[in-house]
Amino acid sequence: MSKKWLYVSIFLLGALYFESAGQHIRPYGFEAAPYLQNLQEKSVSIYWVMNRSSTSWVEYGNSSDLGRISRNSQHGLFDANLPVQKAYLTGLKPATDYYYRTASVEIQQYGAYDVVFGDTVYSEVKFFRTPTAKLSEFSFLAFNDVHDRPAFIEDVVERESGFDFVAYLGDIMGHIDYTDQIISNVIRPSASFFAGEKPFYWIRGNHEARGSQARKLIDYIDAPGNRYYYAFEWGPVYFIVLDSGEGQPDTNQHYFSLVDFDNYRREQSMWLKDVVESSEFHSAKFRIVLTHFPIYLSEVVARDEIHRHGRAHNQEKFASLLNESGVDLLLCGHTHRYHVAHPEENVTNFHVVVGGGNPAQANSTYTRVDFSGDQLNVSLRYYDGKLIEQFTIDASR
Ligand SMILES: [Fe+2]
């Protein structure tokens, strides 16, 4: 072996040693700081991820003195040794300020008759405010097709201010081969940018149904009913979230007989019929649909559209129902080409905003919606904040 290769080998062996030693001594701590889910008038879910086996709780109260504790148990067992730490705060008051911090204890050894605990690690004290049906104003940001580039979200969130929550309109990731992708590309950055104090809602995209770990995504989010299609209210606005599924027929070879989206969309359609007949939906001041695939009433899906089947099936199952029920606005993505469509007489009754491409493309966009009084103000902007189109929807009821 030449001297040069001897030095290279020594260096590589040294690097390997320090890498493995570094992993071993990595201190117990957060993989992802706490993030809010499913914030409602009287409840909120707080999730976080630790780097080693843990048992956890949340301390909370109406001041930074905290004073109350919530610790989750199921089937008589406190949560322990689970991949995601979770606490559910209930009995909260609407329009009220809350402070909280998470606490996690490392479980160094978990035998049936011998459990060894390690250090306790606390988060910073965080703050949130519960919404109320009487809200006179609120705002949210919507992102789509970020495709594993969370810095895009950070840049926008830093620039925008005064928003109350974020809607992820699908394909925030390209696929899910490892659960660490969920943590690294969405959960950890969201928690560090905003989600410790403002929740995000996940609207699943077709890419997030791909990969060996796609079925684990639901473990990291909390949506009403523990499903990817759900409804929620924020102030006097009613939100419907749909899961548009995959684009090609379920029998397509690239899905390897592992998907069942036609049946799933039929199931959602049945659910949607009940939702649009509910008193909550009817009494809302505005109704907004969040989904991944664009849904237009009058669109003829092009024959060369790669996802023609899924696009057409979404239209068939949802478009008429939404159009006849008084929906005001639909936000979506997927095509990577931004587009805004307004209601047309005798055709479509709601506005559609399709977000643009992924952040590697020049046409990447985000949407901001501001509710105030009797108006929704909707603005579609390029990544750098430059306005593409802005419009106002007046409450008609
Ligand atoms: Fe997509």
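**Close-up views of a predicted model**

**View 1. Pairing of strands β1 and β2.** In this predicted model, Gln 37 stands opposite Ser 45 in β2. Helix α3, which spans residues 179-195, packs on the sheet and touches both β1 and β2, its direction making about 65 degrees with that of β1. The strands β1 and β2 (residues 44-50) run antiparallel and are joined by 5 bridges.

**View 2. The open sheet that contains β1.** An open sheet is formed by 3 strands in the order β1-β2-β7, with antiparallel pairing. Because β1 (30-37) and β7 (85-89) each have a single partner strand, they stand at the edges, and one side of each is left without a neighbour in the sheet. Averaged over this sheet, and with direction ignored, neighbouring strands are turned by 10 degrees against each other.

**View 3. The iron site.** The iron ion is coordinated at 2.1 to 2.2 Å by Asp 171 (OD), Asn 206 (OD1), His 292 (NE2) and His 334 (ND1). The angles among these 4 donor atoms run from 88 to 169 degrees, and the site is irregular. Asn 206, in the loop between β13 (200-202) and β14 (230-234), and His 292, in the loop between β16 (286-290) and α6 (308-325), lie 86 residues apart, so that the pair links distant parts of the chain. Asn 206 is buried, because its relative accessible area is 0%, and His 292 is likewise buried, with a relative accessible area of 0%.

**View 4. Strand β10 and its partner β8.** Strand β8 (residues 97-111) and β10 run antiparallel and are joined by 4 bridges, and Tyr 100 stands opposite Lys 126 in β10. On β10 (residues 126-129), Lys 126 and Phe 128 make up the covered face, whereas Phe 127 and Arg 129 make up the uncovered one.

Note on methods
Residues numbered from 1 in each chain as written. Predicted model: local features only at pLDDT ≥ 70, side-chain atom pairs only at ≥ 80, totals over all residues. Heavy atoms only, no water. Donors = N, O, S within 2.8 Å, 3.2 Å for Na, K, Ca; no water. Tetrahedral: all angles 85-135°; square planar, octahedral: opposite > 155°, others 65-115°. Helix = DSSP H or I, 4+ residues; strand = E, 2+ residues; numbered from the N terminus. Buried < 20%, exposed > 50% of the residue type's maximum accessible area, 1.4 Å probe, protein only. Pairing = 2+ DSSP bridges. Axes fitted to C-alpha atoms, helices over the stretch in contact; angles between N-to-C directions. Contact = heavy atoms within 4.5 Å.
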